[in-house]
Amino acid sequence: MTTRVLIADDERLIRSGFRAILGAEPGLDVVGEAADGVAAIALAAELRPHVVMMDVRMPKLTGIDATAHLVRTMPEPPRILVVTTFENDSYVYDALRAGAHGFLLKRARADELLHAVRLVARGDSLLFPAAVRDLALRHAPVAPDRSGIDRLSEREREVLRLMAAGLANAEIAERIGVGPETVKTHVARILGKLDVRDRTQAVIAAYESGFVTAGGGRRG
Amino acid sequence: MTDPHGIRRLVDRRAGLRWTHLLLGAALLMPFQVLASTVVGTTGMADGHTALVAQLMALALALPLAALAGLLPITRSLEGPMARTFCGADGEILTSSAATWPARRRASAWFSLHTLLGGATGAVSLAAPPAGVLLIVLPGLGHREPGLPWLHPIATHVWAAPVLGTALLVLPVPVSYTAGRILARLAPALLGPTPADRLAAARQRADRMAERARIARELHDSVGHALSAVGVQAAAAARLLRTDPEFAATALAAIEETARDAVAELDHVLGLLRDEGDRTAPPTLADLPALLDRTRAAGAEVDYAEDGFEPAVLPGTLSREAYRIVQEGLGNALRHAGDAPVRLCLTVREDTLEITLANPLPPRRRTRAGGGSGLTGMRERVALLRGSLVAGPDDGGQWRLTARLPLGSTA
């Protein structure tokens, strides 16, 4: 099945460049372009893409607000890949907390871009560059809420740590020596116990509660 | 090195400069004194008094007049440079016109003090030595004493006269020394910036910096976005070069235009940022006291000594380069040595200015024995001035910088 992609970015050259790269790939189809957040929401509702490449800074409505709106209001929202020029943009973190599923730098190679779109469409893994780790720690609340983490079993905590490190299910399975189905069950239980929507949110919770720190060190 | 406890300081070059400064003060007093004398004479205020008393009455009138004149803003732009050149004071002295009333009042106080102490020193310098000589030869004059009124009491103890005479002969020296010290002490307080001035200047600087930072950030943003777009278009063009050459051609055209515009913007903004930076004149060794103050304020202990060093008579290029050397040296010491004391010494000997800077090396030695790019640039410029620069660790565990700059080498 072809993956349908909507591109939302206020710069014409970025839109046309992404469209050309994605359009040349079999299995990917660019169904529309939006130049601002309002158009992004409208087109997402109308065209029902699988993936939205969402620029963070746009006029009328930012990528963050558009993401939050789509995730909240649509019964089956598209997977949202946040795209940004600068790595340290604090908007990126906000977009992730609003429900985006991954993020990508505009300076990524064409191969990385295609890889990212496919991954996010599959929903199987995360993109968590080091910069986001740093942002997560900067935004960690002063009084971290460890209640969710405390509910996790020892095995579940291990799985969460590996998720935070950016490993896919298959890789986690290999690391801890169980089958991939087992890992899927653990992940589902983690999402339930932490009361989060998806893997991205689970990892954010891990950082914000102080469960995981930037150096990959552990605090219990 | 200047020996702070020796008798040499009474007659060294700094003392000489301060004496000159005091005489200039006396000269500045003259117009007011003459005016006041005329008034005293015309109104007959001093009738029945001696000439000396008349002069003192005139002085009592002249000083308030001088104080009034000192309130003019231009006073500081005259007195400031003089004080900087001659007083050998520690601290910042402003040479701009005094704009605020507090600054004008302080400049007026300085002017009054300068003229008063200058007048006194000048009077003593002119009157005491001749009187001293006269007293010294008095015993030899016998009956041919001049009929000066003030000689009469001394005539009875004529053999004490030479002693008194010698004292009078050298009297200008301690008088000038003391007056000079007073002025040097007060110069930064009366002619320098107040804490309020410093605050205002700092705020202005902060505003300027903030504005430049804003301009720089915007540039960073705009160029970053332009390069991003160029990157994406180039990637797309590369992938579609054979399958869709039309697109590739359009993409390349877009890349060209974007790149050109971005460089033009860089050009424009860099020009803006550059203009802001070049407005101040490069500092010379006359600005050394302020540099030492700032370094000490930054937490470093600086032992400063000088010998035969007068910033005023050094050629401009040499002075500016010497300042840079000291600045670089102190900066390095601050960075590497932390709070170990730094010894800085500026000596003028045999027509050469010698700068030595020494600080103990930190326990963890850095392997840059030759120094970084700052030192390389310095070496080149010192070579152009036909001087020498040696920097590196010595066998006493210290890091030592020695620069020698010949005085006669610059235009």
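1. Start with a definition. A residue is called buried under 20% relative accessible area, exposed over 50%, and partly exposed in between. Arg404(B) has 40% relative accessibility, so Arg404(B) counts as partly exposed. Bear in mind that this is a predicted model.

2. Arg404(B) has a partner. Arg404(B) makes a salt bridge with Glu354(B), with the closest N and O atoms 2.8 Å apart. This pair links distant parts of the chain, 50 residues apart. Arg404(B) sits in strand 5 (residues 398-406) of chain B, and Glu354(B) in strand 3 (residues 352-360) of chain B. Glu354(B) has a relative accessible area of 16%, so Glu354(B) is buried.

3. Next, a contact between chains. Arg57(A) and Asp221(B) meet through their side chains in a salt bridge, 3.6 Å from N to O. Arg57(A) belongs to the loop between strand 3 (51-55) and helix 3 (63-73) of chain A, while Asp221(B) belongs to helix 8 (residues 195-239) of chain B, so the pair joins two chains. Arg57(A) is partly exposed because its relative accessibility is 32%. Asp221(B) is partly exposed because its relative accessible area is 23%.

4. Now a pair within chain A. A salt bridge joins the side chains of Glu33(A) and Arg19(A), at 2.7 Å from N to O. Here too, distant parts of the chain are linked: Glu33(A) is in strand 2 (residues 28-34) of chain A, Arg19(A) is in helix 1 (residues 12-23) of chain A, and they are 14 residues apart. Glu33(A) has 32% relative accessibility and therefore counts as partly exposed. Arg19(A) has a relative accessible area of 35%, so Arg19(A) is partly exposed.

5. Chain A also holds a network. Which residues are linked in this network of salt bridges? They are Asp9(A), Glu11(A), Asp55(A) and Lys106(A).

6. How many salt bridges does the structure hold over all chains? The count is 23. The bridge between Arg404(B) and Glu354(B) is one of the salt bridges described above.

7. Last, the cysteines. A disulfide needs a pair of cysteine sulfur atoms within 2.5 Å. By this rule, the count over all chains is zero disulfides. Are Cys87(B) and Cys345(B) buried or exposed? Cys87(B) is at 2% relative accessibility, so Cys87(B) counts as buried. Cys345(B) is at 7% relative accessibility and therefore counts as buried.

Note on methods: Residues numbered from 1 in each chain as written. Chains lettered and ligands numbered in written order. Predicted model: local features only at pLDDT ≥ 70, side-chain atom pairs only at ≥ 80, totals over all residues. Heavy atoms only, no water. Buried < 20%, exposed > 50% of the residue type's maximum accessible area, 1.4 Å probe, protein only. Salt bridge = Lys/Arg side-chain N within 4 Å of Asp/Glu carboxyl O. Helix = DSSP H or I, 4+ residues; strand = E, 2+ residues; numbered from the N terminus.
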